[in-house]
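Visitor: I would like to learn how to read the features of a model like this one. Could we go through it together?

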Amino acid sequence: IVISCNPTPGNYRLRVRAMFSTNGNLVTPCTANSYGETEDYTITISAAVACPQPNLLAVSAINAQGATLNWNAGCEEMLWDVHVGLESSGAPAGAPSDAGVLQSFVKTGLDHSTQYEFWVRASCGESSVSEWSGPFAFTTTCPSGIWVGTTSDWNTASNWADNVVPAECTAVTVNNAAPMSISTDVTIASLTLGASANVTVNGLL
């Protein structure tokens with residue numbers, strides 16, 4: 001039995017009936033029948049929670065700087081408060097990291113290769129909010145390490161495909177002829193150079 005998320009409270013009658021030699025979709029509630037069984041129940045529906053919690057939290061499109069956070073509305077809410085923190089940090093005691101957002105919220109500005117969790121609550125207006133739902137844990141990825149440089153500086157984030165400077169976990173790939181200059185000590189997982197790569201190293205690699 002499926003009812004709306006905000007039904008009218010009250011007492012309702014429910015009839016369950018079986019009719020001999022009759023398919024279920026042909027059973028009628030009130031017609032005469034020689035063989036079978038009819039049972040009547042009174043169902044009491046209480047008032048719905050004024051600001052219900054969201055549910056079915058999920059995370060998608062995880063990258064080195066963020067992710068898309070998703071959830072199902074408790075009823076007909078339009079805005080939510082989201083809080084993203086380090087894993088096991090718990091629900092916020094004060095203001096959330098992101099207030100008054102829409103579903104499928106894109107969170108950015110996170111650190112790569114880091115374990116996070118997110119919480120979400122409904123914002124129902126007039127200072128009314130639901131209880132927090134969560135946590136839902138996720139881990140940001142390692143920077144991709146694909147060089148797309150328009151300047152030569154290794155440490156310029158915009159020179160990398162995902163706008164993040166490579167880290168120790170990154171397998172760096174340089175395919176194009178745009179020059180790259182490494183002027184400081186760098187630690188990465190590996191470095192693959194294409195035939196047209198142009199790399200100058202002045203530090204330790």
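Visitor: Are tryptophan 154 and tryptophan 160 buried or exposed?

Guide: Both tryptophan 154 and tryptophan 160 are buried. Buried means under 20% relative accessible area, exposed over 50% and partly exposed in between, with a 1.4 Å probe and protein chains only. Before we go on, please note that this is a predicted model, where local features need pLDDT of at least 70, side-chain atom pairs count only at pLDDT 80 or more, and totals for chains, interfaces and linings use all residues. Residues are numbered from 1 along each chain as its sequence is written, and side-chain values use heavy atoms, with hydrogens and water left out.

Visitor: How many aromatic pairs does the structure hold?

Guide: A pair of aromatic rings is described by the distance of the centres and the angle of the planes. Rings of Phe, Tyr and Trp (its six-membered ring) pair if their centres lie within 6.5 Å; planes under 30 degrees apart count as stacked, over 60 as edge-to-face and the rest as tilted. The structure holds 7 such pairs. One of them joins tryptophan 71 and tryptophan 80, edge-to-face at 5.7 Å centre to centre with 65° between the planes. Tryptophan 71 and tryptophan 80 are buried. For tryptophan 154 and tryptophan 160, the ring centres are 5.0 Å apart and the planes are at 75°, so this pair is edge-to-face.

Visitor: Which residues do ring pairs link into a cluster?

Guide: The cluster consists of Trp71, Trp80, Phe118 and Phe136.

Visitor: What secondary structure does the chain have?

Guide: Helices (H or I, at least four residues) and strands (E, at least two) are DSSP runs, numbered from the N terminus. Here the chain has 0 helices and 13 strands.

Visitor: Why is the chain described as more spread out than a compact globule?

Guide: The radius of gyration is taken over C-alpha atoms, and the globule rule is 2.2 Å times the number of residues to the power 0.38. For 205 residues that rule gives 17 Å, while the chain has 29 Å, well over it, so the chain is more spread out than a compact globule. Its C-alpha trace spans about 95 × 45 × 25 Å along the principal axes. Of the 205 residues, 30% count as buried.

Visitor: Where is tyrosine 12 placed?

Guide: You will find tyrosine 12 in strand β1. With a relative accessible area of 36%, tyrosine 12 is partly exposed.
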